[in-house]
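Hi there,

Here is the structure I promised to pass on to you. Have a look at it first, and then read my notes below.

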Amino acid sequence: MNILGIETSCDETAVAVVEDAKNVVSSIIASQAAEHSIYGGVVPEIASRRHIENITQLVRKCIESANLTLNNIDGIAVTFGPGLVGALLVGINFAKGLSFALKKPLIAVNHLKAHIAANYVTDKSLTPPFLGLIISGGHCNIVRVKNYCEFELIGETVDDSIGEAYDKVGRALGIAYPAGAIIDSMAKLGDENAYIFPKPKVEGSMYNFSFSGLKTAVLNVINSEKMQNKVVDIKNIAASFQKTACDIVCEKIFLAAKRLGEKKIVACGGVCANSRIRSELKKYSELNNIRLYLPNLNLCTDNAVMVAAQGYFEFKNGNFEKNMSLNAQSNVKIG
Ligand code: KG4
Ligand code: ZN
């Protein structure tokens, strides 16, 4: 079964065809990051406009490079949230039009569930149940994945997401948006013990995250060094920040796995491309005798392969739209 995936929740217009949630037939991503970096973050109005300009030709290109015609598509999966409403609506409305014209099912996909599904494409032997870790630009969640379509939220960030912390620290260091990958490379050249940054105490669930305190502590150090006319050592700050962010993530997810008796951890999201987080998650997994799944690097940040993959499971589960009333939901949760 060939599912066409469409992703427009933020600043990537992405289209893919995936067969049975396993084989990537074709995948295209048009990133707007360079344009948004001028403003230090995503400008929603610009994102929507670029999606509108890109979507038709990307779908055409994707279908052509798959050596298919639109009639070979069995369903159209589209991200309906969470994300920027105006941006989401571009993908949703395009998918609705296509579904109506082709008389093919329209499948609504939660962006966070899609991130998890990137792992089914990466490792074809992976099956639920497992414990999911979503670390992205907009989210930081621990979820119990009971089956392909049933999720239980175990922990979430009470303030900033981890990707947001990376991007805001990057901005203070003069690194263009999105800063995660550059901080990752800078960190490799620095001393991670140069600064000791705080790990927060979080109210509510012991599985909740907080990154705002860490972000503020790093910004305070940068500002104070600038005020004293000291040269800010970007590499040392990047390394020390990355160490702390990484420790927070690893400690929480392995605490959750231990207490909930989970033996499989599946990580995903843009920040899962981080070299230190990947290697630390591997180390902790070996120590704790847990099987770890990480998505291929090209499936960590936003893409449409993951949307098509999750769309396949939603469709198989009978979750497709019965009419054309699908709307964007900026804050939809996963559980
Ligand atoms: O999953 P994603 O593409 O978008 C959301 O759904 O939010 O994640 C984007 C985030 C950005 O904050 C970016 O800085 C971060 O992922 N990121 C990284 C790395 N590559 C991307 N963060 C840390 N290390 C990386 N190597
Ligand atoms: Zn995402």
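**What I found**

Cys250 counts as buried, at 0% relative accessibility (buried means under 20% relative accessible area, exposed over 50%, and partly exposed in between, with a 1.4 Å probe and protein chains only).

Before going on, a word on the background: this is a predicted model, in which local features need pLDDT of at least 70 and side-chain atom pairs count only at pLDDT 80 or more, while totals for chains, interfaces and linings use all residues. Residues are numbered from 1 along each chain as its sequence is written, chains are lettered from A and ligands numbered from 1 in the order in which they are written, and side-chain values use heavy atoms, with hydrogens and water left out.

Back to the cysteines. How many disulfides does a search of the whole structure find? The search finds zero, a disulfide being a pair of cysteine sulfur atoms within 2.5 Å. For Cys250, the closest cysteine sulfur is in Cys246, at 4.3 Å, so it is too far for a bond. Cys272 is also buried, with a relative accessible area of 0%. Its closest cysteine sulfur belongs to Cys300, 4.8 Å away, which is again too far for a bond.

Next, the sheet. Five strands form an open sheet in the order E8-E7-E6-E9-E10, with mixed pairing. Helices (H or I, at least four residues) and strands (E, at least two) are DSSP runs, numbered from the N terminus, and two strands pair if DSSP finds at least two bridges between them. At the edges are E8 (150–156) and E10 (291–293), each pairing on one side only. In general, strands of a sheet pair through backbone hydrogen bonds, either parallel or antiparallel. Here E6 (residues 130–135) and E7 (residues 140–147) run antiparallel and are joined by six bridges; Ile134 stands opposite Asn141 in E7.

Is Arg144 buried or partly exposed? Arg144 is partly exposed, with a relative accessible area of 24%. Leaving aside neighbours within four places in sequence, Arg144 is in contact (heavy atoms within 4.5 Å) with several residues, including Phe130, Phe151 and Leu260. Glu262 is another of its contacts, and the side chains of Arg144 and Glu262 are joined by a polar contact of 3.2 Å. A polar contact is a pair of N or O atoms within 3.5 Å; within protein, one must be able to donate a hydrogen and the other to accept it, and residues adjacent in sequence count only if both atoms are side-chain atoms.

Enjoy exploring!
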